[in-house]
Amino acid sequence: MIQDIVVNGLINGSVYALLAIGFSLIFGVARVVNIAHTALFMIAAYLLLIGLDYWGLAAPLAVLLSIVVTTILGLICYQLVIKPIREHEGAVLIATIALAMVIQEIILILFKGHYLGVPPAATGFLVLGGVKVANQHLLALGVAVLALIATWSLLFRTKVGLGIRCTAQDREVANLMGINVNKEIMLALGISVGLAAVAGAIVAPLHNIYPHMWMPPLIMMLAIVVLGGLGSIKGSFIASYILGFTEALVVFAFPTWGFLKEPVALSIMILALLIRPEGLFGVAFEEER
Amino acid sequence: MGLIWYYFRKMFTLIRGEVLVLPSRVAVLVFAVALLLIPVFTQDPYWLRVLILTAIFAIFAASWDFLSGFTGQMNFGHALFFGVAAYTSGLINLHFQVPTFLSIPVGAFAGVLTGLIVGIPCLRLRGTYLALTTLAFPIILMGLVFSIPDVTGGELGVMGLQSLATSRIHVYYITVVLMLALTFIMWKITDSKTGIILHAIREDEIAVRAGGINTTRYKLLAFCLSGFFAGIAGGLYAHIMRTVGPSTLEVSLSFQVIIWSIFGGIASIYGPVAGVFILFPLAEVLREFSQYRMLIFAILVLVTLVFMPEGLIPWVRDKIEKECPRCKVRSIATRKTCRVCTASLD
C-alpha cells in the first residue's frame with residue numbers, strides 16, 4: 001500500500017505539475033483562464049491512441065506526433081477563437097469552456113463513448129528495495145521529470161524564458177522594452193499546450209481514455225494553480241505534489257472513500273486560502289485599474 | 001373609484017413615458033405578455049415543460065448575473081446555491097411533509113445561509129482566485145452528499161417529492177409569474193442606490209472603500225441576495241422534477257449558467273434571462289440532431305462570442321438605442337437629440 005501511494009503520488013503529482021505549469025504560464029503571460037487546457041490534454045491522449053492502434057507507429061514516433069499535432073491545434077484554436085476577444089475577460093472564459101465542449105463532442109462523435117486503452121510501451125516490473133514497480137510507471141515518471149526539468153531550464157536559464165517571464169510580470173513595460181508581446185504569448189502558449197500534450201501521452205497508457213476524461217484533471221489542476229498561487233511556476237510545482245499525494249493517499253489508504261479524492265483536495269485548497277489568500281507562492285498581480 | 005382611476009391613469013402615463021419610449025423596454029413588455037399568453041394558444045405538455053424549466057433557469061442565470069456580472073464577484077460554483085436549496089426543500093418535503101409553499105422559501109433561506117458561509121471566506125479573494133475557489137464548494141458538497149447516502153440518496157438522489165401544483169398550466173403560471181417578478185426585483189435592486197454601490201465595487205473596490213462605504217457588508221449582501229434568488233430557482237426545480245439528485249450540484253450546471261449569462265450579456269439582469277430563453281429551448285430543438293446537438297450548440301456560442309464579445313443583448317441594444325453623452329439616458333437610435341436633456345446624440 002505504501003509503495004502504491006508513493007508511486008502513484010509521484011506520477012499524479014508529475015502529471016498535474018505538467019498541466020498546472022502550462023496553465024499557470026498562459027494565465028501569467030496572456031491572462032487567459034484556459035478551461036480548454038485539459039481538453040487539449042485529452043486530444044493528445046487520443047492522438048497517441050490513433051498513432052499506436054490505427055496507424056501502427058512505433059511508440060516514440062507516436063508520442064512525438066501527438067505532441068506536435070496537439071501543439072499546432074492549440075495554436076490554431078488560440079488564433080481563431082481566443083485572440084479576437086482577448087480583451088473581454090468573461091468572453092474568453094466562456095469561449096474556452098465552449099471550446100472544451102466542442103473538442104469533447106467531436107471526440108464523442110468520432111470514437112463514441114467507449115472506454116479505450118493504449119497498450120503500454122514497457123511491460124514487466126522492476127524490484128526497487130523489495131518493492132515491485134511497473135516499468136510503465138517508471139517510464140511515465142522519467143518522461144514527466146525530464147519534461148519538467150526541460151521547461152524549468154527553458155524558462156529560467158535561457159533568453160527565451162526571460163522574455164516570457166518579463167511579459168508575465170508586466171505586459172505593458174515588456175512591450176515598451178521592445179519585447180514582441182504577441183510573439184511571447186504564442187511561445188508561452190506553445191510551451192503550455194506542449195506540456196499538456198506530454199501529460200496526455202503519459203496518462204494514456206496508465207488510465208482509460210474516454211471523452212469526458214478532461215473534467216477530473218481540470219478540477220484538480222485549477223485547485224493546484226490556486227493553491228500554489230496563480231502565475232507562480234514554483235507554486236504550481238509544489239502544490240501539484242501536495243495534491244497528487246493527497247489524491248493517492250485517499251484512493252489507496254481509504255479505498256471505500258475513493259470518491260472523496262477531489263473534495264479532500266479542494267478542502268485543503270480552501271483551508272490554505274483562508275490563511276494565505278494569494279496562494280502558497282502567489283505573486284500579487286498589479287491591479288489593472 | 002376615483003382613486004382606482006387615478007392609479008390607472010398614473011400607470012398609463014408611466015407606461016407611456018418610461019416604457020413605450022425605448023424599443024428595448026417595449027420588447028420586454030411584449031415578451032412578458034407573450035409569455036403569459038402562451039398557454040392560451042398551445043397546451044402541448046412537452047413545450048410547456050420546456051418553458052417551465054427555462055423560466056427556472058432564467059431566475060438562476062439572473063441571480064448569477066447579480067453576483068458575478070453586476071457585483072463582479074466571479075462565481076464558478078453557482079450550482080452550489082441551486083443544489084443546496086433543491087436538496088433542502090426536497091428533503092424537508094419528503095421527511096417532514098412540509099408543503100411546497102413553505103419548503104421553497106426554506107430552501108431559499110438555505111441559499112442565503114450558503115451565500116453567507118461561502119461569502120465570508122471569499123471576501124478576501126478576488127478575480128480569478130475567487131472564481132476558482134468558488135468552483136470547489138459544490139464539488140466538496142457533492143462529496144458529502146455521496147458519503148451519507150442514507151439521507152441524501154447518494155448517486156440516485158431522492159424521489160417522490162410533492163408536485164408544485166396539480167396541473168401543468170398551474171405550474172407554468174406559478175413559475176413564469178415568479179420568474180417575471182423576481183427578475184424585475186433583481187433589476188430594480190441593481191437600479192437602486194445599493195445597485196450603484198454594487199456596480200462600483202465591480203469597477204474599483206478600493207475606490208469604493210475610500211469613499212467610506214463598507215464594501216464587506218455590500219459584498220456579503222450580494223452573496224446572500226444571489227443565494228436567495230438562486231435558492232428559489234433550486235426549490236422550484238426540486239418540486240417540478242419531483243426528484244433531487246447530484247446533478248443539481250454538477251460543475252457542468254455551473255458552467256452552463258455562465259454560458260447562458262455571458263451569451264446573453266452580463267451586468268444587465270435581462271441579458272442572462274434572454275440568454276436562457278434563447279439557448280435552453282434551442283438545445284431542445286437541436287435534440288433532433290441528437291448526436292451533433294452539443295457540438296452545434298457550442299459552435300454557435302463560440303461564433304456569437306467572436307462577433308459580439310459583449311454578449312447578444314448589449315450588442316442588439318447598442319444598435320437600436322443611443323446613450324446621451326451628457327445625461328447618460330438612453331434614447332431610440334432614430335432620434336437626433338436626447339429625449340430628456342435635448343443634447344445632440346451624435
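Into which domains is chain B divided? Chain B has domain 1 (1-41), domain 2 (42-308) and domain 3 (311-346). The model is predicted. Chain B also meets chain A, with 32 residues of chain B in contact with 36 residues of chain A.

**Where chain B touches chain A**

- The contact joins 36 residues of chain A to 32 residues of chain B.
- Three helices of chain B each supply at least two residues of the side that touches chain A: α6 (127-147), α12 (251-264) and α14 (293-307).
- α6(B) gives the most to that side, with 11 residues.
- By class, the side of chain B that touches chain A holds 24 nonpolar, five polar and three charged residues.

**Domains 2 and 3 of chain B**

- The centres of domain 2 and domain 3 of chain B, taken over C-alpha atoms, are 32 Å apart.
- Their contact takes 12 residues from domain 2 of chain B and five residues from domain 3 of chain B.
- On the domain 2 side, α12 and α13 (270-285) of chain B each supply at least two residues.
- α13(B) gives the most to this side, with four residues.
- The domain 2 side has six nonpolar, six polar and no charged residues.

**A helix pair in chain B**

- Helix α8 (residues 168-191) and helix α11 (residues 215-241) of chain B have axes that come within 12 Å.
- The two axes cross at roughly 175°, and angles over 145 degrees count as roughly antiparallel.
- α8(B) and α11(B) are therefore roughly antiparallel to each other.
- From α8(B), the contact uses B:V171, B:T175, B:L182, B:M186 and B:I189.
- From α11(B), the contact uses B:L225, B:F229, B:I232, B:L236 and B:I240.
- By class, this contact has nine nonpolar, one polar and no charged residues.

**A helix pair in chain A**

- Helix α6 (residues 159-169) and helix α8 (residues 181-203) of chain A have axes that come within 9 Å and cross at roughly 105°.
- Angles of 65 to 115 degrees count as roughly perpendicular, so α6(A) is roughly perpendicular to α8(A).
- A:V160, A:G163, A:I164 and A:T167 of α6(A) meet A:V181, A:E184, A:L187 and A:A188 of α8(A).
- By class, the contact of α6(A) with α8(A) has five nonpolar, two polar and one charged residues.

**The largest nonpolar core**

- The largest nonpolar core has 187 residues.
- A:A44, A:L48, A:I94, A:A95, A:A98, A:L99 and A:A223 touch the most other members.
- Helix α1 (residues 2-30) of chain A provides the largest share of this core, 15 residues.
- Leaving out residues up to four places away in sequence, A:L48 touches A:A62, A:V63, A:S66, A:V118, A:A201 and A:A204.

**An exposed proline in chain B**

- B:P45 lies in helix α3 (residues 45-70) of chain B.
- Is B:P45 buried or exposed? B:P45 has 11 other C-beta atoms within 10 Å. A residue with 12 or fewer counts as exposed, so B:P45 is exposed.
- B:P45 and B:V30 are 15 residues apart in sequence. In space, C-alpha to C-alpha, B:P45 and B:V30 are 23 Å apart.

Note on methods: Residues numbered from 1 in each chain as written. Chains lettered and ligands numbered in written order. Predicted model: local features only at pLDDT ≥ 70, side-chain atom pairs only at ≥ 80, totals over all residues. Contact = placed C-beta atoms within 7 Å. Nonpolar A, V, L, I, M, F, W, Y, C, P; charged D, E, K, R; others polar. Axes fitted to C-alpha atoms, helices over the stretch in contact; angles between N-to-C directions. Parallel < 35°, antiparallel > 145°, perpendicular 65-115°, else oblique. Domains from an automatic or database assignment. Core = buried A, V, L, I, M, F, W, Y, C linked by C-beta atoms within 7 Å. Buried ≥ 20, exposed ≤ 12 C-beta atoms within 10 Å, placed from the backbone.
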